[in-house]
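Hi,

Here is the structure I promised to pass on.

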Amino acid sequence: MKKAKKTLVVVTVLSLIISMIPLCVSAKDNDGQVRIIVQNNTYSVSDGAKWDGTLIDEWVDIDSDSSVLSAFIQAVADSGYTQTGAEDGYVTEIGGLSANDNGYMSGWMATLDDWITDEGLSAYTVSSGKLENGDEICFQYSCDWGADIGYSWSDTSTKLKSISLSGGTLEPEFNTDTTEYTLKLPSDTESVKITPTAENKAYRTKIYKNSYTPETNGTDIKRSSEITLSDEDVIYIGVGNSSWQYTADGVTGTVYKITVNSVAPQPTDKDREKATETEELINSIGTVTVKSKNSIETARNSYNNLTALQQSLVSNYDVLLSAEKSYSAIEKTQVDFNEMFTKTTQKFLDSDVSDIAVAGNEWIILSLVRGEQITDEIRNTYIKSAEDYVKTVGSSKLSNTKSTDNSRFIITLTALGCDVTNIGGYNLLEPYSDYEYLSGQGINGLVYALVSLDTKNYEIPVSSDSANQTTREKLIDSIISSQLSDGGWTFYGDVSDSDMTAMVLQALAPYYNSDNNVKSSVDKALTFLSSNQQDNGSFVSYGSQDCESNAQVITALTALGIDILSDTRFIKNGNTALDGLKLFYNDGTFSHLQNGTENGVSTNQAYYALVSYYRYSQGKTSLYDMSDVEISPVPTESSDNSENSVSDESSDVQNSTENSVNSEESTPTSQQNSQTENKDNSTVNTGDTFAVFPIVIVMLFAVIAVIITKKKSTDR
């Protein structure tokens with residue numbers, strides 16, 4: 001019996017090769033295929049071999065007529081190499097490397113699933129059941145009749161040389177003489193590849209799950225296949241069982257038992273590193289604002305890409321959840337903003353250009369250009385109208401009493417990129433040298449003078465009278481000195497007004513981070529505005545919630561870089577200043593009071609507040625910070641376009657503007673409905689001529705103070 005066995009082995013040795021390489025692809029990924037590997041790891045090129053290393057590693061399709069030899073022939077042909085002998089059942093050459101090239105003991109040997117078969121290769125066919133989907137056939141060059149690649153016909157050991165695992169840890173460590181183990185498997189591991197290697201490839205290895213049934217064909221698990229495991233599962237690895245192969249007298253199989261113990265996974269340094277990276281991204285979100293979308297999404301993607309173990313190490317995941325919740329609320333408010341911004345924009349764009357693009361509509365033009373919605377036609381038509389207006393006035397001082405006229409034009413023309421030192425031949429900054437001229441309109445004049453000067457960091461012209469010379473310091477000091485004890489400002493009287501307070505903050509915003517006095521003053525004003533905000537998000541001026549106050553506060557807060565959708569100081573009962581502004585909105589227009597009629601002043605101011613928020617949310621410079629604007633000279637008209645040729649049209653504009661302003665300024669807003677409706681029907685700015693009213697009018701105001709609520713400025 002032993003001689004017969006020896007003869008069979010010698011024949012087999014001359015034609016087969018052992019593979020020491022475990023499967024890397026599971027059968028489930030290669031249905032209807034077997035893997036063919038051709039290797040030479042024993043005879044190097046430096047010693048005279050034709051080639052060394054791995055020559056072929058291919059998956060080959062099989063069907064009912066396939067055999068080990070036919071699959072091998074196909075793989076060699078597909079790879080473009082040669083082979084000799086496979087058709088006759090005895091391979092002697094592959095790719096030019098032949099048997100006996102390194103002595104009479106050298107030649108090709110083969111393994112089937114890491115086993116030197118006990119029959120010739122021609123016996124291993126699909127039809128016989130001895131070749132199956134997912135099998136691995138490895139042809140390997142041996143220089144010592146297989147001893148150098150792990151095969152010995154005389155060795156009777158049926159022990160394992162090693163067990164390779166794709167996951168988990170064996171306890172105790174593997175030892176060939178130890179047959180029982182515990183596999184400590186992290187609870188988040190779904191499957192494991194188990195690759196056993198026999199000490200002697202003359203003996204076959206098979207894997208079973210939860211029951212060892214070597215006598216039953218088809219119940220074993222392919223070597224190196226993915227095995228789904230859970231706690232208390234048992235893996236059996238058998239070696240050299242006589243049910244699978246011919247076994248010599250005195251040879252018994254060996255069985256290794258591995259019990260799965262699911263344990264909490266233990267983090268590695270790499271796991272901790274990944275978790276730390278995600279924690280840093282979450283921390284970088286900071287206070288959630290309308291600008292936080294990208295940082296939140298980046299942190300979320302980083303967290304989602306972690307393993308379950310790595311996610312468990314992220315200590316600030318609750319911060320990410322909170323940020324997402326906060327931003328979700330912001331996005332809801334953004335929907336309201338988008339509607340108001342889009343529809344109000346369209347309202348202006350749908351109007352006749354001749355009605356919109358004229359001097360007197362500076363706030364509309366400013367909003368369109370800073371909101372990046374203006375058309376070339378509106379831009380060019382307005383610039384022509386403004387230039388004609390200035391020419392008609394015939395002076396760099398557009399009004400002898402209202403410096404805000406100059407401020408309004410400077411702000412808007414600067415936004416349009418026009419050189420305000422040469423509008424129709426006049427320098428609109430020139431009157432700003434005279435501090436008395438600016439202060440003659442009260443705090444309104446000072447505020448908008450400072451705003452207009454800082455739109456492009458304009459230099460203040462020098463006055464011939466040094467005593468009246470305007471400086472930024474003088475403007476700032478005068479504004480701060482008029483702050484009331486509760487932190488607010490008012491156009492007149494001694495009751496702080498949200499409207500005027502917000503306008504002051506717009507002027508002081510550029511100095512907040514560089515001037516401690518300004519910072520202290522602004523902080524007090526913010527406290528006042530916060531306390532003045534109502535539960536519905538709106539703000540009160542002189543006893544009433546109105547659109548303009550909300551608009552001015554939004555403009556002020558965004559100028560200071562305060563996110564109105566996330567700063568808790570300006571969120572009451574879950575409502576923001578945008579929610580407050582929406583109370584006055586109706587399909588592209590705004591009213592002065594809630595449920596009122598469309599009001600031009602309210603719509604204009606609400607629109608540039610929306611533009612101010614738009615610019616903040618997009619990371620652009622603020623409404624009045626025009627450092628992003630390139631200034632160019634205004635194109636000059638032809639020489640025959642004389643002053644007389646434009647005087648009629650622009651004179652009408654001037655007279656209309658002056659009359660409407662004067663009419664509004666002579667009738668302060670009142671709490672009485674009749675006075676409120678008067679304001680609602682107005683479309684111009686208010687408050688510009690208060691400082692030049694006759695003394696008798698001031699006395700009259702004192703008499704009727706009990707019915708006066710406030711004085712609005714539309715020259716904003």
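Below is what I found, going from the whole chain down to single residues.

A word on ground rules before that. This is a predicted model, so I describe local features only where pLDDT is at least 70 and count side-chain atom pairs only at pLDDT 80 or more, while totals for chains, interfaces and linings use all residues. Residues are numbered from 1 along each chain as its sequence is written, and side-chain values use heavy atoms, with hydrogens and water left out.

**The whole chain**

The chain has 21 helices and 21 strands; these are DSSP runs numbered from the N terminus, with helices being H or I of at least four residues and strands being E of at least two. Of its 716 residues, 52% count as buried. Buried means under 20% relative accessible area, exposed means over 50%, and partly exposed is in between, with a 1.4 Å probe and protein chains only. The chain exposes about 30800 Å², and carbon and sulfur atoms supply 46% of that (Shrake-Rupley method, 1.4 Å probe; for residues, only the protein chains shown count as cover). Now take the contacts between residues at least 6 apart in sequence: 72% of them join residues at least 24 apart. Contact here means heavy atoms within 4.5 Å.

Strands of a sheet pair through backbone hydrogen bonds, either parallel or antiparallel. For two strands to pair here, DSSP has to find at least two bridges between them. β6 and β7 run antiparallel and are joined by six bridges; to see one of them, find Ala110, whose bridge partner in β7 is Phe139.

The loop between β6 (107–112) and β7 (136–142) holds Ala123. Ala123 is partly exposed, at 25% relative accessible area. Leaving aside neighbours within four places in sequence, Ala123 is in contact with Ser128 and Lys130.

**A strand on the inside**

Next, look at β14 (residues 234–239). Six of its six residues are buried, so the strand is largely enclosed by the rest of the structure. Val234, Tyr236 and Gly238 point one way, while Ile235, Ile237 and Val239 point the other way. β14 runs antiparallel to β12 (residues 205–209), with five bridges joining the two, and Thr205 has Val239 as its bridge partner. Six bridges join β14 to β15 (residues 254–263), also antiparallel, and there Ile237 is partnered with Tyr256.

**Rings**

Rings of Phe, Tyr and Trp (its six-membered ring) pair if their centres lie within 6.5 Å; planes under 30 degrees apart count as stacked, over 60 as edge-to-face and the rest as tilted. That gives 23 aromatic pairs. Tyr208 and Tyr212 have ring centres 5.4 Å apart and planes at 90°, so they are edge-to-face. Tyr208 is buried at 1% relative accessibility, whereas Tyr212 is partly exposed at 25%. Tyr389 and Phe409 are stacked instead, 5.3 Å centre to centre with 5° between the planes. Tyr389 sits in α9 (residues 376–393) and Phe409 in α10 (residues 403–415), so the pair ties together parts 20 residues apart in sequence.

Ring pairs also link Phe337, Phe341, Phe348, Tyr607, Tyr613 and Tyr614 into a cluster. One member, Phe348, is in contact with Asn604, a residue of helix α18 (residues 600–617). Is Asn604 buried or exposed? Asn604 is buried, at 14% relative accessible area.

Finally, Lys397 lies over the face of Tyr437, 4.4 Å from the ring centre, and Lys474 lies over the face of Tyr435, at 5.1 Å. (A charge sits over a ring if NZ of Lys or CZ of Arg is within 6 Å of the ring centre and within 35 degrees of the ring normal.)

Cheers
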